[in-house]
Amino acid sequence: MNQTQIPNMIAAGIAIRKIRILPDRIWMMLILFCISIYILAVVQDLVFAKLYRTRFYWSETLLYNLYWFLFPPLLLFLHRLVSPKKFRSPLFKGLYYVISGCLFPIIHIFLFALIFVGLSTLMNDNPHRMSVILSSAFSNQLYITVLVYIFLPWVYPYIIGLKRPLHSLGARFPSGTLAIKQGSRTRMIAIHTISSILTDKPYSAFFVNCEKILHNESLKKLEESLDPEIFIRVHRSAIINKGHIRQFRSRGNGDYDVDLSDGRTIRLSRHYRSNWEGLILHSV
């Protein structure tokens, strides 16, 4: 690894660690992350110039290190463009990471070159050429950019705080009601009172305030219509309300059970691990 990149990698690791500890302050931490990388990179160039007695230009250094500020918006765009949670197959999910890891570094570098040349044109009489900036970025930044875009999306849902910390789930019950058909009747149930929905063939069973209510719709159809910010599929026969989670219990072999507020215990399936793993990370 190029020695000039080591301080940047260290700062990135520190910033990411803070973000996972304080998910409610994600945007503030992302800004601090960019600023810390930016300052370290500028200082690094200054020290390098002093040690090796090379020329140092403040304008070029300040412009060039804008490179680091492109990561947060592009990673956010990447996540919203196609969320990896939509892929059930590990093969398709892996292909998604590889393709995004190859495509987005190129987009990142070309966007950076456009910004650099544009600002350079406004600031200097002799602006830098696009080909020179592209060559420099591909030579010095490509490998670290590829690594970020391949590996960071694996933990991105937790870093950007899409999954709320466990301690806040029970304190923020959602408003609204859900219509549950019972034969010729339709019963309106407050969403926050639903702790879990289980398969009870040929029905689905809603557990509401310790009451079992049968509904003539499959769990698969219910999953498609329920709000994923409130309800998550944790097993082929179980959907749970995140607001009713009380604790996770490890089985010691990588498997987990979840205890709900009504005393019910649900086994978490490895097949749906991408749905519930983030909640465990925030509960430890």
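Me: What does Phe 112 touch, not counting residues up to four places away in sequence?

Reply: Phe 112 touches Leu 63, Tyr 64, Tyr 67, Leu 70, Ile 133 and Ala 137. Contact here means heavy atoms within 4.5 Å. A word on the source: this is a predicted model, local features need pLDDT of at least 70, side-chain atom pairs count only at pLDDT 80 or more, and totals for chains, interfaces and linings use all residues. Residues are numbered from 1 along each chain as its sequence is written, and side-chain values use heavy atoms, with hydrogens and water left out.

Me: Why is Phe 112 called buried?

Reply: Buried means under 20% relative accessible area, exposed means over 50%, and partly exposed lies in between (1.4 Å probe, protein chains only). Phe 112 has 2% relative accessibility, so the residue counts as buried. Tyr 67 has 1%, so that residue counts as buried too.

Me: What makes the pair of Tyr 67 and Phe 112 edge-to-face?

Reply: A pair of aromatic rings is described by the distance of the centres and the angle of the planes. Rings of Phe, Tyr and Trp (its six-membered ring) pair if their centres lie within 6.5 Å; planes under 30 degrees apart are stacked, over 60 edge-to-face, the rest tilted. Tyr 67 and Phe 112 have 5.0 Å centre to centre and 80° between the planes, hence edge-to-face.

Me: Why does this pair tie together separate parts of the sequence?

Reply: Tyr 67 lies in the loop between α3 and α4, and Phe 112 lies in helix α5, so the pair joins parts that are 45 residues apart in sequence. Helices (H or I, at least four residues) and strands (E, at least two) are DSSP runs, numbered from the N terminus.

Me: Why is the pair of Phe 104 and Tyr 149 called tilted?

Reply: The ring centres of Phe 104 and Tyr 149 are 5.9 Å apart and the planes are at 35°, so the pair is tilted. Phe 104 is in helix α5 and Tyr 149 in helix α7, 45 residues apart. At 5% relative accessibility, Phe 104 counts as buried. Tyr 149, at 0%, counts as buried as well.

Me: Which residues do ring pairs link into a cluster?

Reply: The cluster includes Tyr 64, Trp 68, Phe 71, Phe 77 and Phe 116. Tyr 67, Phe 104, Phe 112 and Tyr 149 also belong to this cluster. The count of aromatic pairs comes to 14.

Me: How many residues are in the largest nonpolar core, and what makes a set of residues such a core?

Reply: A nonpolar core is a set of buried Ala, Val, Leu, Ile, Met, Phe, Trp, Tyr and Cys residues joined through side-chain atoms within 4.5 Å. The largest one has 27 residues, and Phe 112 and Tyr 149 have the most contacts inside it. Helices α2, α3, α4, α5, α6 and α7 each supply at least two residues of this core. The largest share, eight residues, comes from α5.

Me: How do you know that Arg 264 sits over the ring of Phe 207?

Reply: The rule asks for NZ of Lys or CZ of Arg within 6 Å of the ring centre and within 35 degrees of the ring normal. Arg 264 lies over the face of Phe 207, at 3.6 Å from the ring centre.

Me: Why is Phe 231 called buried?

Reply: Phe 231 has 7% relative accessibility, so the residue counts as buried. Phe 231 lies in strand β6. Leaving aside neighbours within four places in sequence, the contacts of Phe 231 include Ile 191, Ile 194 and Ile 197.
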